[in-house]
Amino acid sequence: MTQAPTSPKALRRRHDREIVSLALPAFGALVAEPLFVMVDSAVVGHLGTAQLAGFAIAAALLMTAVSVCVFLAYATTAAVARRVGAGDLGAAIRQGMDGIWLATLLGAALVALTLPAAPALVDILGASDTAAPYAVTYLRISSLGIPAMLIVLAATGVLRGLQDTRTPLVVAGAGFAANAVLNVGLVYGAGLGIAGSAWGTVIAQWGMAVAYLIVVIRGARRHRASLRPHAAGIRASARAGAPLLVRTLSLRAVLMIATAVAARMGDDQIAAHQIVLSLWSLMAFALDAIAIAGQAIIGRCLGAGDAQGARQVCRRMVQWGIVFGGVMGMLLVISQPLFTPLFTDDPLVQDALLPALLVVALCQPIAGVVFVLDGVLMGAGDGPYLAWAMLATLAVFAPVALLIPALGGGLTALWWAMTLMMAVRLATLWLRARSGHWIVLGATR
């Protein structure tokens with residue numbers, strides 16, 4: 001008996017349920033990471049200004065290292081999801097374990113580099129004589145948690161590829177709670193000062209890594225997947241991650257250029273820019289949750305040989321991106337009078353802030369589509385195209401942004417340049433999505 005075809009409306013409902021079931025827990029897990037930094041900042045901030053300044057410098061270095069290695073999560077998600085779609089869970093988990101071994105090796109290398117180089121790194125960032133000792137102390141201790149953070153990234157990719165975003169939410173929530181308790185207990189209860197904050201964070205990070213490893217190892221034993229490192233598999237993970245590393249570095253360069261340009265405009269402009277960038281980043285976390293759902297679903301569809309399903313999911317997620325981006329923009333405009341006083345009471349900063357925020361709000365539907373298509377192409381394993389597209393975007397953005405101070409432009413002009421950057425990303429990603437060249441079927445790309 002032939003099965004009746006599924007109606008378009010029923011298909012949309014099914015896709016919507018799956019997107020929501022993956023995106024909501026992913027958003028919770030994404031938010032947990034900046035909350036780690038906020039708790040550490042609050043605890044260390046009560047020790048004194050020099051301690052907080054030292055923490056800020058060390059945290060900036062650590063977050064840069066981890067954010068550059070986010071390809072461990074992206075590449076692992078795509079590779080694991082393809083094998084899930086192909087129905088080979090054992091191979092999916094073996095691929096995930098290779099990603100975790102790569103994370104362990106990279107983490108060990110970063111620790112070996114950071115421990116002796118900590119004073120020089122702190123000096124490069126311009127730490128004062130009073131803040132530098134605290135920054136070196138925090139950086140050296142916290143570097144011991146880098147392997148754990150990278151294992152968490154790779155293991156999160158494994159679980160996302162297995163279509164599980166709930167476990168990362170639970171682990172992130174538990175890690176956040178443990179970090180808060182340990183920080184307060186070690187800093188004030190044990191009287192360890194800033195070193196106590198660093199040790200508390202390291203312990204929480206390794207606790208999260210162990211929790212993830214337990215989940216992955218149980219899955220490996222259930223499906224009789226090898227836990228041993230395989231050189232070929234580790235090399236394959238590195239090859240898949242290399243283009244995404246280029247993409248991430250290019251994006252970081254865009255943000256660094258924007259900050260450097262804003263700094264040349266004066267204290268009120270850079271202060272306003274930092275507030276706008278913080279809000280832009282927060283909305284990016286929300287939109288990135290949909291992208292994560294896209295990575296997992298698209299990878300699974302392509303692994304299962306379902307090209308039509310991949311196209312349908314892509315179209316539906318683009319619709320989600322437009323609507324959700326529009327909602328985020330509206331919320332930003334509506335809530336602006338409420339949150340602006342929380343950030344600053346300086347009228348010059350507030351005057352610079354409002355028009356830039358309006359530009360960001362207008363850009364959110366574009367950002368929604370960009371994040372979705374980014375996730376779709378990552379899920380398809382289309383890393384080389386993403387790398388070239390982001391390099392092209394950087395090549396367009398950099399000269400425009402650097403000309404703004406020379407032409408007498410202010411912060412609003414800079415954020416119009418950021419909107420141009422997002423528009424270029426939209427054009428490159430949209431052309432790729434329309435071409436269909438990203439649709440490569442099978443358990444591997």
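# Salt bridges and helix packing

Me: How do the side chains of Asp374 and Arg425 meet?
Reply: The side chains of Asp374 and Arg425 form a salt bridge, at 3.2 Å from N to O. The term stands for a side-chain nitrogen of Lys or Arg within 4 Å of a carboxyl oxygen of Asp or Glu. Bear in mind that this is a predicted model, in which local features need pLDDT of at least 70 and side-chain atom pairs count only at pLDDT 80 or more, while totals for chains, interfaces and linings use all residues. Residues are numbered from 1 along each chain as its sequence is written, and side-chain values use heavy atoms, with hydrogens and water left out.

Me: Okay, and where do Asp374 and Arg425 lie?
Reply: Asp374 belongs to helix H12 (residues 347-379) and Arg425 to helix H14, so their pairing ties together parts that are 51 residues apart in sequence. Helices are DSSP runs of H or I with at least four residues, numbered from the N terminus.

Me: Are both Asp374 and Arg425 buried or exposed?
Reply: Both are buried. That word means under 20% relative accessible area; exposed means over 50%, and partly exposed lies in between, using a 1.4 Å probe and protein chains only.

Me: Which residues are linked in a network of salt bridges?
Reply: Arg247, Asp374 and Arg425 make up such a network.

Me: How many salt bridges does a search of the whole structure find?
Reply: There are 6. One of them joins Arg300 to Glu18, with the closest N and O atoms 2.3 Å apart. Arg300 sits in helix H10 (residues 267-303) and Glu18 in helix H1 (residues 8-45), so this pair connects parts that are 282 residues apart in sequence. Arg300 itself is partly exposed, at 22% relative accessibility.

Me: What about Arg445 and Asp382, what do their side chains meet in?
Reply: Another salt bridge, also given from N to O, at 3.2 Å. Arg445 is in the segment after H14 and Asp382 in the loop between H12 and helix H13 (383-403), so the two tie together parts 63 residues apart in sequence. Asp382 is buried, with a relative accessible area of 3%, whereas Arg445 is partly exposed at 42%.

Me: Now packing. At what angle do the axes of helix H9 and helix H14 cross?
Reply: Roughly 165°, and the axes of H9 (residues 231-263) and H14 (residues 411-435) come within 10 Å. Axes are lines fitted to C-alpha atoms, for helices over the stretch in contact, and angles run from 0 to 180 degrees between N-to-C directions. H9 and H14 are therefore roughly antiparallel. Angles over 145 degrees count as that, under 35 as roughly parallel, 65 to 115 as roughly perpendicular and the rest as oblique.

Me: Which residues in H9 meet which in H14?
Reply: On the H9 side they include Arg247, Leu251 and Val254, and on the H14 side Leu414, Met418, Met421 and Arg425.

Me: How do helix H5 and helix H8 pack?
Reply: H5 (residues 132-143) and H8 (residues 194-222) pack at about 20°, with axes 9 Å apart. They are therefore roughly parallel. Among the residues making the contact are Tyr134 and Tyr138 of H5 and Trp199 and Val202 of H8.

Me: Last one: what's the phi of Arg224?
Reply: It is near 55°, a positive value in a residue other than glycine. Arg224 is in the loop between H8 and H9, and is exposed, with a relative accessible area of 79%. Gln163 also has a positive phi, of about 70°, although it is not a glycine.

Note on methods
Contact = heavy atoms within 4.5 Å.
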